[in-house]
Amino acid sequence: SYAVAPLELLAALRTSTSREVIYSAEQHSLLLARTGYSGFRLYARTIDQVAELHRVLREQGIETIAKVQDIERIRLLDQALTRLFWLVAIVGIVGGIAALIASLYAAVERKKRDISMMRLMGLSRFDVSRFPVYQSTVIAAFAAIIAISGFYSLAAVINNVFAAGLQFGNGICQLSVNTLIQTFLVTTMTAICSSLFAAWRTTLIEPAEAIRVE
């Protein structure tokens with residue numbers, strides 16, 4: 001009425017209720033089977049995708065731990081700072097356009113006699129209208145170069161300050177080359193559009209005005 005078994009066998013059978021146990025013919029003993037990973041770390045491309053990945057994994061029955069609430073607070077802060085940045089940027093852009101228009105128009109008024117002399121020498125309206133456009137393009141190009149140089153100088157300082165908390169080759173303040181090229185082109189096109197009013201003003205200057213001044 002009693003069965004006698006080794007203590008090691010009983011322990012192995014007890015373990016088999018929670019873990020898979022296999023018999024090894026080479027060792028003539030019971031061994032624990034290889035188990036899969038009990039956990040894994042999944043990386044998202046951006047923090048905006050973490051909440052969606054967390055939801056999809058939970059729907060599949062995979063328990064996950066993600067700081068969704070912390071990420072949501074960071075996203076809200078980022079959105080608020082982005083709106084503030086664009087507000088300041090729009091005010092600066094509008095102010096810069098207005099200042100450039102006023103400066104170019106005032107330059108045309110100051111050089112009215114010289115422009116009329118060029119008209120008297122045979123230049124057409126289209127020829128003299130290009131001078132404000134060229135001037136605004138040169139101003140915008142130099143301003144963009146100075147701004148980009150200032151950004152790289154400031155970015156180097158910021159990345160150096162926070163270098164201890166960053167991995168090698170990473171930076172907290174950086175812009176892609178495509179963004180810099182697009183910024184340069186937008187700045188130049190904005191300056192050209194701002195010069196159109198001054199260019200139109202040059203077409204109204206008649207050659208006879210130089211004669212009147214003389």
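Two residues are in contact here when heavy atoms of theirs lie within 4.5 Å. The structure is a predicted model, so local features need pLDDT of at least 70, side-chain atom pairs count only at pLDDT 80 or more, and totals for chains, interfaces and linings use all residues. Residues are numbered from 1 along each chain as its sequence is written, and side-chain values use heavy atoms, with hydrogens and water left out.

Leaving aside neighbours within four places in sequence, T188 is in contact with T137 and A140. T188 sits in helix 6; helices (H or I, at least four residues) and strands (E, at least two) are DSSP runs, numbered from the N terminus. T188 counts as buried because its relative accessibility is 13%. For this label, buried means under 20% relative accessible area, exposed means over 50%, and partly exposed falls in between (1.4 Å probe, protein chains only).

Next comes helix 3, which runs over residues 68-110 and has 43 residues. From first C-alpha to last, helix 3 reaches 62 Å, close to the 63 Å expected at 1.5 Å a residue; that expected span is 1.5 Å times one less than the number of residues. In helix 3, the buried residues are I71, A89, L100, L104, A107 and V108. Their cover includes helix 2 (50-59), helix 4 (112-120), helix 5 (125-161), helix 6 (177-194) and helix 7 (196-202).

Helix 3 also turns up in the largest nonpolar core, which has 9 residues: L100, L104, V108, I115, V128, A140, A191, A198 and I205. Such a core is a set of buried Ala, Val, Leu, Ile, Met, Phe, Trp, Tyr and Cys residues joined through side-chain atoms within 4.5 Å. Helix 3 and helix 5 are the elements that give two or more residues to this core, and the largest share, 3 residues, comes from helix 3. As for V108, residues touching it include I115, A198 and I205, with those up to four places away in sequence not counted.

What about the outside? L30, placed in strand 2 (residues 29-32), counts as partly exposed because its relative accessibility is 35%. A3 lies in the segment before helix 1 (7-15) and is exposed, with a relative accessible area of 80%. The C-alpha atoms of A3 and V177 are separated by 79 Å, and the two residues are 174 residues apart along the chain.
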